[in-house]
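Me: Could you take a close look at the ligand site for me, and then at how some of the helices pack?

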Amino acid sequence: MEETLRVLLVASAFNSLTQRVHTELRARGYEVGVELALGDDLLRARVTHFRPDLILAPMLTTAIPEDVWTEYPVLIVHPGPKGDRGPSSLDWAISTGAQEWGVTVLQAVAEMDAGPIWASMPFAVASCGKSELYRNEVSDAAVAAVLLAVDRFAGGDFEPEPLDYGRPDVRGELRPYHSQRYRMIDWRTEDTASVLRKLRAADSQPGVLDEFYGREYFVHGGHREDRLRGVPGAVIATRDGAICRATADGAVWLPQLRRRRVPGGPRTFKRPAVDALGADLPGNVPEVPVTPAEAAVRDTWSELRYYEQGSVGYLEFAFAGGAMSTEQCRRLLAAYEQACARPVRALVLGPARDFFSNGIHLNVIEAAEDPAEESWRNITAMNDLVEAILTTTDKLVISALAGNAAAGGVMLALAADEVWCRQSAVLNPHYRLMGLYGSEYWTYSLPRRVGSTEAARLTRETLPVGATAAAEIGLVDRVVAGSTTQFREWVRREATLLADSPELENWLTAKKQLREADESAKPLAEYRSEELAHMRRNFFAEGEPYHELRRNFVYNVAPPATPAYLLG
Ligand code: COA
């Protein structure tokens, strides 16, 4: 075997887990290439060219051709415990209420998921949607299992364990595809717990097929409501674009819907539920708001929560898919301004789990009558929010990233004084893949953290950066390993220490002086207008790639071949 292991990642998409495995293997010095599974011949050609020592499939929905797995060792990541087989593992785990689940790394053989086992890791199933579970607990277990399997492979003398249902630790089973037949909700008879299990098992994809006002929709997401009640099945309230629907014993919030495509009709995509229903939603359904402070002490759906502990205020925001529309940016800005008016010494920004932010809301933009205008409104609202953070000089502001961030979402985080990351987080500090120059004051924030050479490299290479690598280049300040709960506890401890430190006043004075010095060297308004001049072109000029790239993203169109930046 060569000294440096050459690993080819084969994946259906360069998704969060594949990105994470990519960053982890590169950090260990392996040579890593990526090939998207877009056809057997393309894969064969790439394998011949790349000559991997090992092929690893972190997320693959198709089979690797036999001539490839007979010639090369191929390890597949399967999101289930030993013995679990089938295409809908997590759907079954969530819908059957499993408390513990696992991730297993198997060698590819003719029979799907039945190959010898290289590693398997258990994890506790959190009460959340499938995609959120996937990006958090599943990802952490998968990375641990992958690293163990790769170590074992590199060691050269490990004998993988044949799948044997006679062994006591092989408790999984072969399960069928989790079709809509299993997902159907009977709103008149099913209680909230049962409804939530079904919604979570289908979130974010494929959603639960359901009916509203005589039309079919896929429901995406779901959260318990603690107070509102109504006739089972009735839509009883709206809040910030979501709808609340009564169950047999309570009610749940449904944030997003996707209209079912009618045969021969236009393709559809996920939208805020109120927008998707449009004029079908009766005018007498009341908007029932909740303040971020109320939301923090209730069990209801809210994208914003605010609470204080000692001298620290915590503003938690959680937007589906990390996407932030114009309205969401404005609501977050209003909550941020309220938090700033509180007598706290430090503010911590970020959701307790999952995506920090992925920037402007490409689906809402796609659905707008004039997507270019809506892009403009959205980036303006995002910039207003970022500006408010950059110009807060009387408090310490900390961005706490329990999960991933991309594009403008990374730059939003960088506007704070301190950026703290869970080690599992993956950052994509670039916009080019969406055909955008970028804004959110990135031309100020990024070079001030990493220097202009590194900033240019990050934006040119457009590769994901793991949290540890991000700390090494100064993109983030502190990184800790552990679960989202452990991360949160650590953030609270450290934020309290800083906020209560006698040094804070001096530090705030220095921060103010630095902001003033930076402002006289080049005003923030100038960074903004320069960036927006580029963005205006991206949004409004002829021949710019943004609109097509956005459409492909929203409709999930696969590229014709693996993009050049992934070839390694
Ligand atoms: N607008 C709308 N939806 C977004 C979004 C955005 N900016 N970013 C992510 N999403 C959605 C995805 O469509 C996906 O929806 P699904 O679960 O229904 O499939 C979900 O959020 C999760 O994203 P996904 O791409 O599956 O996650 P990932 O971790 O594999 O990849 C990113 C994350 C950030 C690399 C990828 O989502 C991305 O490139 N997003 C766009 C970033 C961007 O260009 N923003 C605009 C410029 S500021």
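Reply: Let's start at the ligand: a backbone N or O atom of Asn358 sits 3.0 Å from one of its nitrogen atoms. That's a polar contact, meaning a pair of N or O atoms within 3.5 Å. Keep in mind that this is a predicted model, where local features need pLDDT of at least 70 and side-chain atom pairs count only at pLDDT 80 or more, while totals for chains, interfaces and linings use all residues. Residues are numbered from 1 along each chain as its sequence is written, and side-chain values use heavy atoms, with hydrogens and water left out.

At Ser16, a polar backbone atom is 2.8 Å from a ligand oxygen. Ser16 is also among the nearest of the 23 residues around the ligand, along with Ser204, Gln205, Lys270 and Ile360; "around" here means having a heavy atom within 4 Å.

Now the helices. Helix α14 (residues 442-450) crosses helix α19 (residues 524-540) at roughly 110°, with the axes coming within 8 Å. The two are therefore roughly perpendicular, a label for angles of 65 to 115 degrees. Trp442, Thr443 and Tyr444 of α14 meet Leu524, Tyr527 and Glu531 of α19, where contact means heavy atoms within 4.5 Å. That contact splits into four nonpolar residues, one polar and one charged.

Helix α10 (residues 326-340) packs against helix α12 (residues 371-390) at about 15°, axes 8 Å apart. This pair is therefore roughly parallel, the term for angles under 35 degrees.

Note on methods: Axes are lines fitted to C-alpha atoms, for helices over the stretch in contact, and angles run from 0 to 180 degrees between N-to-C directions. Helices (H or I, at least four residues) and strands (E, at least two) are DSSP runs, numbered from the N terminus. Angles under 35 degrees count as roughly parallel, over 145 as roughly antiparallel, 65 to 115 as roughly perpendicular and the rest as oblique. A polar contact is a pair of N or O atoms within 3.5 Å; within protein, one must be able to donate a hydrogen and the other to accept it, and residues adjacent in sequence count only if both atoms are side-chain atoms. Ala, Val, Leu, Ile, Met, Phe, Trp, Tyr, Cys and Pro count as nonpolar, Asp, Glu, Lys and Arg as charged, and the others, Gly among them, as polar.
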